2 protein chains.
Amino acid sequence: MKKYIPILRRTKLFAGVGEGEISAMLGCLQAKQDSYKKGEYVFRQGEYLNNITVLVEGSLHIQRDDYWGNRSIINVIGIGEMFGEAYAAPDSGALLNDVVAVEDSTVIFFDVKRILTVCSSACKFHSIVVQNLFFAMSEKNRKLVQKLGHMSKRSTREKLISYLSEEAKRQNSGTITIPFNRQQLADFLSVDRSAMSNELCKMRDEGLLMFEKNKFTLL
Amino acid sequence: MKKYIPILRRTKLFAGVGEGEISAMLGCLQAKQDSYKKGEYVFRQGEYLNNITVLVEGSLHIQRDDYWGNRSIINVIGIGEMFGEAYAAPDSGALLNDVVAVEDSTVIFFDVKRILTVCSSACKFHSIVVQNLFFAMSEKNRKLVQKLGHMSKRSTREKLISYLSEEAKRQNSGTITIPFNRQQLADFLSVDRSAMSNELCKMRDEGLLMFEKNKFTLL
DNA sequence: ACAATTCGGTTGTTTTTACAACAGAAAGGA
DNA sequence: TCCTTTCTGTTGTAAAAACAACCGAATTGT
């Protein structure tokens, strides 16, 4: 697990905490590590969690397949991001989504009780982590609201514009790379893939944007 | 502000804290109170917040109007619920939504820094509140994901079923009262009001449900 | 009680989407 | 390299939603 300490150091959860302290906290927080091959499930819908999990290698999708097989991608988890935190509280009930590795991935689990209960021992930085946890959850929250913003748009075109322009803002560039192929983007925006593909090409023909694979340029 | 202490006591934020302690914390957390008439704005899009706010009287909508006047209702805040917490962190940026009173309302503001920074003085219950804050944010998070679940449905009918059946589950009854009129429900689910009204009547004629005003019975 | 406004339902038209089926290109594996 | 699979774009059709316009009922304010 030692090898991932430099990565943990750069996460929101451990912002402001040194590598030495993180190393010490790994024990205090009962950290456990696990790896998953592309396509494997980290968590499944219906499971009960009691840990906060941080991705240190690879990439994950938080998604949900409904009864008819329609997939909805809720969120993408990149390296350094945490997940599962919303289901780690005592009365939060079962997980409503699947968490699946979209490439070979490694995660580290932290016991949530141990994070929230400030220990009396050496971990001075514990309270920083609690604050960080709050900030990270705030951010996740805002991200979800932004996604609601995209999905509240009535047409596929508007959804695309809403998503791509926000992504351009976030990546601070007119040319962006998205973490989706076409099917995944459609599942993320909850639209039909072929209709979306069609709309994208129309937008390209109208000179609104250019794209090649998952690289888009807004004009 | 004293008169609202019994209400605060029943909130998620102050769960497990006695009235005496709450009373003491009001000062410690620099609580401030304000009231709004129906239709008035508590916060506006673009504002910067640094407090967590709890509704103690009335009802609020978290909503957003886009460029063309399409309204999207993100969330409903009932008595005892908190809001604004996702925008109270230092780097969270400006508020993306409006918060508007849908009836005469009263709120109490708490300075977020003071909540997160455990004071050395008498407030023993401070750390409980920090935990509560985490749990409350978790819950809000799950609520947003549930809303994404409704909005990810492709048809108006599916959106309605998704929303109403979740609400029936939450209210633990086949007969539920929703906090929306037709226009608001449409804005909440991001569909056209007349089309939705039409669909509701079709569903009623098919024997799927019954309704009268904002009271629905699922069959 | 009356006038004005809001609310909910209805209908017809236009636009958009979902769905299905297919084909060429690209990627991946043996 | 060849074969297989995945990915993306294209087209046509059927279904659904948005939009607009309207009406009667209910509600609100004076």
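Trainee: Let's start with B:K213. Is it buried or exposed?
Mentor: B:K213 counts as exposed, at 66% relative accessibility. Keep in mind that this is a predicted model.

Trainee: Okay, and where is B:K213 placed?
Mentor: Look at the loop between strand 8 (209–212) and strand 9 (215–218) of chain B, and you'll find B:K213 there.

Trainee: What's the phi of B:K213?
Mentor: Phi of B:K213 is near 55°, so we have a positive value in a residue that isn't glycine. As background, most residues other than glycine have a negative phi.

Trainee: What about B:N172, what's its phi?
Mentor: B:N172 has a positive phi of about 55°, and B:N172 isn't a glycine either. You'll find B:N172 in the loop between helix 5 and strand 7 (175–177) of chain B.

Trainee: Is B:N172 buried or exposed?
Mentor: Exposed, with a relative accessible area of 70% for B:N172.

Trainee: Changing topic: how do helix 5 and helix 7 of chain B pack?
Mentor: Helix 5 (residues 156–171) of chain B packs on helix 7 (residues 193–205) of chain B at an angle of about 70°, and their axes are 10 Å apart. That makes helix 5 of chain B and helix 7 of chain B roughly perpendicular to each other.

Trainee: Which residues make the contact?
Mentor: From helix 5 of chain B you have B:T156, B:R157, B:L160 and B:I161, and from helix 7 of chain B there are B:M196, B:E199, B:L200, B:K202 and B:M203. Sorted by class, that contact of helix 5 with helix 7 of chain B has five nonpolar, one polar and three charged residues.

Trainee: And how do helix 6 and helix 7 of chain B pack?
Mentor: Helix 6 (residues 182–189) of chain B meets helix 7 of chain B at an angle of about 105°, with the axes 9 Å apart. Helix 6 and helix 7 of chain B are therefore roughly perpendicular to each other.

Trainee: Which residues are in that contact?
Mentor: Helix 6 of chain B brings B:R182, B:Q183, B:L185 and B:A186, while helix 7 of chain B brings B:R193, B:M196 and B:L200. The residues of this contact between helix 6 and helix 7 of chain B divide into four nonpolar, one polar and two charged.

Trainee: Now chain A. How do helix 5 and helix 7 of chain A pack?
Mentor: Helix 5 (residues 156–171) of chain A and helix 7 (residues 193–205) of chain A pack at about 70°, with axes 10 Å apart.

Trainee: So how are chain A and chain B related?
Mentor: Chain A can be laid on chain B with an RMSD of 0.0 Å, using a turn of 180° and a shift of 0.0 Å along the axis. The two copies are thus related as by a two-fold rotation axis.

Trainee: And what surface do the copies meet through?
Mentor: The same surface on each, because 100% of the interface residues of chain A are also interface residues in chain B.

Trainee: What does A:Q146 touch?
Mentor: Leaving aside neighbours within four places in sequence, A:Q146 is in contact with A:E166 and B:L96. The C-alpha atoms of A:Q146 and A:E166 are separated by 8.6 Å, and the two residues are 20 residues apart along the chain. A:Q146 sits in helix 4 (residues 126–151) of chain A and counts as partly exposed at 29% relative accessibility.

Trainee: Let's go to B:M82. Buried or exposed?
Mentor: B:M82 counts as buried, at 6% relative accessibility. B:M82 lies in strand 5 (residues 82–83) of chain B.

Trainee: What's B:M82 in contact with?
Mentor: Setting aside neighbours within four places in sequence, B:M82 is in contact with residues including B:I52, B:V54, B:L133 and B:M137. B:K140 is also one of the contacts of B:M82.

Trainee: And B:N75, where is it and what does it touch?
Mentor: B:N75 is in strand 4 (residues 71–77) of chain B, and at 10% relative accessibility B:N75 counts as buried. Not counting residues up to four places away in sequence, B:N75 touches B:L60, B:H61, B:I62, B:K140, B:K143 and B:F188.

Trainee: Last one: how many disulfides are there over all chains?
Mentor: The count comes to zero disulfides over all chains. As for individual cysteines, A:C28 is buried, with a relative accessible area of 18%, and B:C201 is partly exposed, at 26%.

Terms used
Residues are numbered from 1 along each chain as its sequence is written. Chains are lettered from A and ligands numbered from 1 in the order in which they are written. This is a predicted model: local features need pLDDT of at least 70, side-chain atom pairs count only at pLDDT 80 or more; totals for chains, interfaces and linings use all residues. Side-chain values use heavy atoms; hydrogens and water are left out. Copies are superposed by least squares on the C-alpha atoms of residues with pLDDT of at least 70 in both. Contact means heavy atoms within 4.5 Å. Axes are lines fitted to C-alpha atoms, for helices over the stretch in contact, and angles run from 0 to 180 degrees between N-to-C directions. Helices (H or I, at least four residues) and strands (E, at least two) are DSSP runs, numbered from the N terminus. Angles under 35 degrees count as roughly parallel, over 145 as roughly antiparallel, 65 to 115 as roughly perpendicular and the rest as oblique. Ala, Val, Leu, Ile, Met, Phe, Trp, Tyr, Cys and Pro count as nonpolar, Asp, Glu, Lys and Arg as charged, and the others, Gly among them, as polar. A disulfide is a pair of cysteine sulfur atoms within 2.5 Å. Buried means under 20% relative accessible area, exposed over 50%, partly exposed in between (1.4 Å probe, protein chains only).
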